[in-house]
Protein chains: 2
Amino acid sequence: MARLVMKFGGTSVANIERIRNVARHVEREVKAGHEVAVVVSAMSGKTNELVAWVREAANLYDPVEYDAVVASGEQVTSGLLAIVLQSMGLPARSWQGWQIPLLTNDAHGSARITGMRPEGVLAGFGRGEVAVIAGFQGIHEPSGRLTTLGRGGSDTSAVAIAAGLSADRCDIYTDVDGVYTTDPRIVTKARRLDRVAFEEMLEMASLGAKVLQVRSVELAMVHKVRTYVRSSFDDPANPQAGTLICDEEEIVEQQIVTGIAYSKDEAQITLRRVADKPGVAAAIFGPLADANINVDMIIQVVSDDTTTTDITFTVPTADFDRAKVLLESAHDMIGYQSLQGATDVVKVSAIGIGMRSHAGVAAKAFRALADKGINIRAITTSEIKFSVLIDAAYTELAVRTLHSLYGLDKA
Amino acid sequence: MARLVMKFGGTSVANIERIRNVARHVEREVKAGHEVAVVVSAMSGKTNELVAWVREAANLYDPVEYDAVVASGEQVTSGLLAIVLQSMGLPARSWQGWQIPLLTNDAHGSARITGMRPEGVLAGFGRGEVAVIAGFQGIHEPSGRLTTLGRGGSDTSAVAIAAGLSADRCDIYTDVDGVYTTDPRIVTKARRLDRVAFEEMLEMASLGAKVLQVRSVELAMVHKVRTYVRSSFDDPANPQAGTLICDEEEIVEQQIVTGIAYSKDEAQITLRRVADKPGVAAAIFGPLADANINVDMIIQVVSDDTTTTDITFTVPTADFDRAKVLLESAHDMIGYQSLQGATDVVKVSAIGIGMRSHAGVAAKAFRALADKGINIRAITTSEIKFSVLIDAAYTELAVRTLHSLYGLDKA
């Protein structure tokens with residue numbers, strides 16, 4: 001007997017028929033003798049409907065009341081799935097975030113989980129009950145107000161609940177059947193991975209792979225929650241295993257590069273002829289940090305004259321305009337000749353724990369991309385990944401080139 | 001300064017535009033210096049959508065989970081109204097039933113309110129906050145589960161909350177502008193009443209007037225909550241007063257008859273030639289009571305032969321088939337010759353506290369109805385009302401006849 005958390009997203013619970021399909025997945029695990037907690041999202045479309053009402057109610061709305069409205073979507077699904085499970089003869093009850101309770105801080109709209117008291121859910125397991133838990137929501141106990149974890153927060157709920165319940169594993173059911181070496185829509189030879197290390201998955205999610213929320217992977221890594229990504233559209237009686245995200249020690253045959261990710265959510269800013277003097281980096285990046293703008297890649301190149309330097313860096317596309325305004329207003333303090341920006345860029349990354357013990361992995365890529373005539377605007381590297389910033393027009397070519405280069409193509 | 005509860009039903013909060021209109025009613029009362037708690041229903045249509053999903057999920061569903069699903073409708077409206085009020089510069093917060101808490105028993109789907117702890121809402125008043133309360137829902141504290149009060153339960157919530165907050169009055173905003181002497185769709189000369197005594201309103205609601213839920217009137221009477229029925233479609237800047245439901249001592253000029261009600265929710269059953277012996281009434285009405293079927297009017301007439309008797313009574317239309325089956329299976333125990341039933345009947349009632357001190361009020365009606373050729377199938381009377389059961393085809397004629405007879409027609 002094992003203890004499992006199963007998580008189903010909005011498309012998997014879009015209507016009663018699909019909720020019945022979810023219930024058959026749950027039934028399979030219960031009949032196998034497992035203790036099961038199911039974490040559900042709102043029926044697809046419902047969260048958007050609720051958010052649209054909030055926005056129509058006021059442009060600047062209270063995030064506390066936003067949470068009260070939006071948390072209702074998951075409440076509905078949890079009750080409906082409990083009813084369907086009961087109708088199949090499986091004892092079940094719904095749990096709202098505040099009923100468990102799943103505790104969060106008071107960052108309404110994107111609250112962070114601070115803990116949970118699992119006694120009630122565990123007592124239900126003792127009575128043979130399936131716990132059907134409304135994902136995405138919790139409670140800030142000091143104020144007694146509902147909170148939500150932000151978009152995609154149900155993944156995070158599921159992993160946190162798996163940790164809180166000391167579950168043997170957490171199955172994230174999605175509309176894809178696992179984690180791929182890269183986006184199969186771009187590379188038809190992309191392969192589904194059987195296993196990915198937590199660190200690799202964290203980089204892949206951070207660098208553009210959309211299969212899992214970054215925060216949920218962080219949580220899984222910290223609490224060592226063995227997490228499967230698998231498909232809710234598999235035959236419930238005969239499902240595929242999906243991809244296991246686990247400790248690197250569990251991965252026997254480690255590749256040098258595990259996956260290629262890309263992200264269009266990057267914009268490039270270049271400041272030309274910045275005075276090359278102490279304190280200039282602080283003058284540039286201090287105001288951006290104060291405005292909560294994440295700076296990612298940074299490159300500094302000495303200009304033609306040797307008293308100034310060119311500085312290039314990237315920011316999230318959503319913050320591009322704000323960053324430009326900040327830097328323009330700090331022009332005199334920084335002292336630069338011109339500001340250039342580009343949003344038609346993409347960051348392509350290769351991720352793999354094997355890079356730690358292999359030299360020259362990135363260098364090989366730079367050569368291969370140059371051979372295809374792809375100009376590299378910026379580079380960053382870390383222990384287990386490297387990223388290049390290139391013109392967006394070359395996205396597919398670059399991804400395919402790196403995917404072949406590191407032997408990831410399907411046989 | 002007064003303390004008010006304002007209640008708005010589903011059609012009054014059907015979309016954001018109407019919620020803004022509700023907010024303007026609230027603004028008027030806040031600007032007049034009052035402490036305000038607003039009780040809201042789900043946006044119209046939402047409860048039906050939720051109930052339909054529950055029914056699609058299972059024919060026989062757990063009422064506990066039904067409540068978890070259906071209570072979400074009021075949660076949404078409470079958050080949206082709080083946001084709109086805030087955007088108008090009025091401090092406001094939403095309160096779910098479990099947050100107040102509003103306590104109920106565990107009769108899920110039609111729970112009864114057992115109390116509330118008003119400290120949190122009162123503290124909000126102290127900070128100048130409008131309390132926006134999700135109607136229809138509460139919590140069964142021992143189990144920690146959400147409960148709902150049954151259809152129309154938001155009226156009951158509002159009155160209970162007014163009692164719990166010791167409010168000076170409770171304003172029930174509806175799609176009509178008050179309580180009328182009878183249904184204006186039948187009698188164009190029906191008048192809006194300025195005041196109605198609790199006891200009269202209770203009879204009118206019980207006997208078919210749909211403007212208020214019976215349970216909410218009971219609560220208002222027990223706790224002496226001065227309750228106004230008024231229109232949410234009035235100009236918020238210049239609203240009408242509506243009808244005050246209050247203690248009879250507050251009503252200066254008491255009419256003998258205050259209103260005429262009718263109900264089509266009655267079915268007649270007649271047992272012919274029942275043995276006229278002790279215990280026969282118990283044999284008939286015991287099984288019906290055991291099956292939770294409410295018997296209303298009962299008439300016993302001696303048959304042609306003097307050893308048997310005919311017994312006529314009414315049951316709710318919804319229970320008619322079930323009652324017949326029960327009585328047929330108890331045929332040998334009761335001992336009757338035949339069972340006759342009719343569903344094309346209507347109960348017409350006249351209600352007025354003045355009847356207490358005036359004799360012959362009902363007799364006058366029997367004569368007037370006979371003059372119009374209306375056959376009376378059964379009669380019941382109490383201290384402040386009498387009802388006649390007649391053929392449904394004569395409904396309008398009978399209502400108009402009594403309305404004129406007791407001087408209720410508009411001048």
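Helix axes here are lines fitted to C-alpha atoms over the stretch in contact, and the angle between two of them runs from 0 to 180 degrees between N-to-C directions. With that in hand, select helix H12 (residues 361-371) and helix H13 (residues 395-405) of chain A, whose axes come within 10 Å and cross at roughly 130°. The model on screen is a predicted one.

**Stop 1: H12 and H13 of chain A**

Angles over 145 degrees count as roughly antiparallel and those from 65 to 115 as roughly perpendicular, with the remainder between them called oblique. H12(A) and H13(A) are therefore oblique to each other. Their crossing is right-handed. Show side chains for A:Lys364, A:Ala365, A:Ala368 and A:Leu369 on H12(A), then for A:Ala398, A:Thr401, A:Leu402 and A:Leu405 on H13(A); these residues make the contact. By class, the contact of H12(A) with H13(A) has six nonpolar residues, one polar and one charged.

The average pLDDT of chain A is 93, and 100% of the residues score at least 70.

**Stop 2: loops of chain A**

Go to the loop between strand S3 (92-95) and strand S4 (102-104) of chain A, and pick A:Pro101. The peptide bond leading from A:Ile100 into A:Pro101 is cis, with omega near -10°. Next, move to the loop between strand S6 (130-134) and strand S7 (137-140) of chain A, where A:Phe136 is found. What is the phi of A:Phe136? It is near 75°, a positive value in a residue other than glycine. Both items are worth a stop because most residues other than glycine have a negative phi, and most peptide bonds are trans.

**Stop 3: the cis bond in chain B**

Switch to chain B and select B:Ile100 and B:Pro101. A cis peptide bond joins B:Ile100 and B:Pro101, with omega about -10°. B:Pro101 is placed in the loop between strand S3 (92-95) and strand S4 (102-104) of chain B.

**Stop 4: H6 and H8 of chain B**

Select helix H6 (residues 153-164) and helix H8 (residues 214-223) of chain B. Their axes come within 8 Å and cross at roughly 15°. H6(B) and H8(B) are therefore roughly parallel to each other, and their crossing is left-handed. On the H6(B) side, display B:Asp155, B:Thr156, B:Val159, B:Ala160 and B:Ala163; they meet B:Arg215, B:Ser216, B:Leu219, B:Ala220 and B:His223 in H8(B). The residues of this contact between H6(B) and H8(B) divide into five nonpolar, three polar and two charged.

**Stop 5: where the chains meet**

Now show both chains. How many residues of chain B are in contact with chain A? There are 27, and they touch 27 residues of chain A. On the side of chain B that touches chain A, helix H1 (16-31), helix H2 (46-57), helix H3 (63-70) and helix H4 (72-87) of chain B each supply at least two residues. H4(B) gives the most to this side of chain B, with eleven residues. The residues on the side of chain B that touches chain A divide into 15 nonpolar, nine polar and three charged. For the complex, the predictor gives an ipTM of 0.84 and a pTM of 0.87.

**Stop 6: H3 of chain A against H4 of chain B**

H3(A) passes H4(B) in a left-handed crossing. From H3(A), show A:Glu65, A:Ala68 and A:Val69, which meet B:Gln75, B:Val76, B:Ser78, B:Gly79, B:Leu80, B:Ala82 and B:Ile83 in H4(B). By class, the contact of H3(A) with H4(B) has six nonpolar, three polar and one charged residues.

**Stop 7: the axis**

Conventions
Residues are numbered from 1 along each chain as its sequence is written. Chains are lettered from A and ligands numbered from 1 in the order in which they are written. This is a predicted model: local features need pLDDT of at least 70, side-chain atom pairs count only at pLDDT 80 or more; totals for chains, interfaces and linings use all residues. Two residues are in contact if their C-beta atoms, placed from the backbone, lie within 7 Å. Helices (H or I, at least four residues) and strands (E, at least two) are DSSP runs, numbered from the N terminus. Ala, Val, Leu, Ile, Met, Phe, Trp, Tyr, Cys and Pro count as nonpolar, Asp, Glu, Lys and Arg as charged, and the others, Gly among them, as polar. pLDDT is the predictor's confidence in each residue, from 0 to 100. Angles under 35 degrees count as roughly parallel, over 145 as roughly antiparallel, 65 to 115 as roughly perpendicular and the rest as oblique. A crossing is left-handed if the near helix is turned anticlockwise from the far one by less than a right angle, and right-handed if clockwise.
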